[in-house]
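Student: Could you walk me through how to read a few features of a protein model? I'd like to have it on screen while we talk.

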Amino acid sequence: MGRGHRGRQRRQGRWRLRLSLAGLTSLAALALAACGSVVPPPVALGEAPPAWQTPADLASAQGAAPWRLAQPGDGLDKGAWWRLFNDPGLDALQQQARQASPSLQVAAARLRQAHTLVDIAGAASLPRVDAGLRGTRTGTSGNRPAATAGTQASASVQNDFVLSAAVSYELDLFGRQRQEQQAALAFEQQAQADQLNAQLVLSADLAAFYFTLRSLDAEIAVVEQGLQVQSRAADLLAARHEGGAASGLDRAQQQAQLDATRTQLTLLRKQRGQLEHALATLVGTPASQFTLPVAALPAGVPGLPVALPSEVLQRRPDIAAAERAVAVANAQLGLAKAAWFPSLSLSASGGWEAKSIASLIDAPSLLWALGGSLTQAVFDGGRLRAREEQAGAGQELAAASYRQVVLRALQEVEDGLLALNALASAQAQSQAASASAQRVLDIAQDRYAGGLSTYLDVVTAQQNVLTNQRLSSQLRGQQLQATAYLVKALGGGWQL
């Protein structure tokens with residue numbers, strides 16, 4: 001936790017944004033101060049997007065409305081935002097998913113890998129010390145070639161004991177190690193943002209699937225009631241047909257409607273089973289071992305605070321991850337450029353060597369060496385240039401992907417707000433239609449009680465009421481699902 005907190009502090013220290021508050025369709029630009037990458041400046045409503053600008057261009061707008069210094073919030077705790085729906089079943093599933101979801105375990109493992117890369121890169125800037133102890137006993141051949149002509153080699157047996165230590169250190173004259181450390185740090189911060197984004201996506205998907213399943217529960221209940229009403233209508237028409245009061249066509253039409261409703265019920269139950277399986281995967285449980293009892297939809301749809309574009313961009317962890325990916329690409333480009341310069345290393349070694357252990361630490365047994373090496377590529381067949389071009393293309397790719405993530409984030413907020421507004425209007429119209437259908441049913445029942453109409457009119461009115469109830473359940477489920485995805489688009493929880 002300490003290392004993750006330090007990583008977030010470093011990210012918040014380096015990541016500075018200047019964002020426009022012009023409107024939900026404006027673009028916000030994030031300036032990559034550490035590596036000097038470029039991002040698009042904000043666009044006001046009705047203006048064409050300007051060309052890419054440098055951080056210096058953005059800095060010239062400091063203090064000029066509508067600019068302000070941003071406060072990145074992607075690392076903040078998203079909170080248990082799903083409790084706004086006041087559904088104990090959803091709360092239990094979210095808790096189970098946090099503990100056993102494979103997607104979260106994958107993200108956590110990647111973050112641990114990123115921590116180790118930071119440690120490895122930091123160790124490269126420190127001296128390396130190696131110690132060794134060797135002991136050998138060697139026998140030489142008496143028939144080997146002599147060292148000088150006219151002499152005869154003799155067989156011998158010798159002991160050789162060596163106790164040594166060596167120190168090596170590479171001077172970071174041209175910033176190669178520094179670029180490696182920056183790349184590792186940016187990758188760690190990207191992994192942290194990816195983990196937060198995985199948690200946010202999981203909780204939103206889980207809530208959306210759960211609400212869809214509860215909407216299906218409500219639909220299934222209405223369709224089952226409709227089957228009962230249609231069965232009574234079919235029986236009534238069959239009796240009327242036998243008595244000559246109804247035609248065979250009326251009876252056949254009612255039977256066809258009854259069969260179609262049974263088919264719909266079968267398909268709805270299939271959809272519910274598939275959603276149950278999807279929820280099982282999200283919470284880390286085999287589908288064959290997971291069941292959810294039937295329950296009602298939440299009573300209401302909670303209201304969400306409308307965030308400004310700047311707040312959305314500051315809160316969303318996927319945008320932070322994309323920004324850190326640009327920083328990683330910048331550092332990789334720096335590494336490719338640093339490879340053109342020579343590498344200078346210093347080394348020192350010392351120890352003792354003797355033919356017996358007893359005399360190993362004696363002064364005459366002392367040995368030592370000092371040295372240095374300077375390496376410069378002279379001809380590599382274009383390898384360094386190709387690697388630099390590859391790194392440059394990777395930087396352009398990361399910057400374009402980052403801009404795409406920003407645009408997609410604003411689109412998702414707009415889509416969510418549009419969906420909620422449209423669904424609220426449709427729900428109001430559906431409630432009016434349900435009230436009208438209920439009045440028709442009341443009138444039909446009164447007329448039937450007074451002998452002015454047949455019971456078939458009552459059955460038809462009941463079917464209309466159930467049809468409107470089914471539509472209302474569908475709309476409420478879609479409202480809840482859209483709300484969950486809007487939470488994701490806004491970057492998670494908040495203080496209400």
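Student: Is Glu 412 buried, exposed or partly exposed, and what is its relative accessible area?

Tutor: Buried means under 20% relative accessible area, exposed means over 50%, and partly exposed is in between (1.4 Å probe, protein chains only). Glu 412 has 24%, so this residue is partly exposed. Keep in mind that this is a predicted model, where local features need pLDDT of at least 70 and side-chain atom pairs count only at pLDDT 80 or more, while totals for chains, interfaces and linings use all residues. Residues are numbered from 1 along each chain as its sequence is written, and side-chain values use heavy atoms, with hydrogens and water left out.

Student: Which residue does Glu 412 form a salt bridge with?

Tutor: The general idea is that side chains of opposite charge can pair when their charged atoms come close. A salt bridge here is a side-chain nitrogen of Lys or Arg within 4 Å of a carboxyl oxygen of Asp or Glu. Glu 412 pairs with Lys 488, and their closest N and O atoms are 3.7 Å apart. This pair links distant parts of the chain, 76 residues apart: Glu 412 sits in helix α9 (residues 383-449) and Lys 488 in helix α10 (residues 455-489). Helices are DSSP runs (H or I, at least four residues), as are strands (E, at least two), numbered from the N terminus. Lys 488 has a relative accessible area of 18%, so this one is buried.

Student: How many salt bridges does the structure hold?

Tutor: There are 15 of them. In one, Glu 323 meets Arg 324, with 2.9 Å between the closest N and O atoms. Glu 323 is buried at 1% relative accessible area, and Arg 324 is buried at 6%. Another joins Asp 318 to Arg 316 (2.6 Å, N to O), and both of those residues are buried.

Student: How about helix α5: how many residues has it, and how far does it reach?

Tutor: For a helix, the expected span is 1.5 Å times one less than its number of residues. Helix α5 (residues 176-242) has 67 residues and reaches 95 Å from first C-alpha to last, close to the expected 99 Å. After α5 comes Gly 244, with a positive phi near 85°.

Student: And what is the phi of Asn 86?

Tutor: Most residues other than glycine have a negative phi. Asn 86 is not a glycine, yet its phi is positive, about 55°. Look for Asn 86 in the loop between α2 (55-59) and α3 (88-100); at 67% relative accessibility, this residue counts as exposed.
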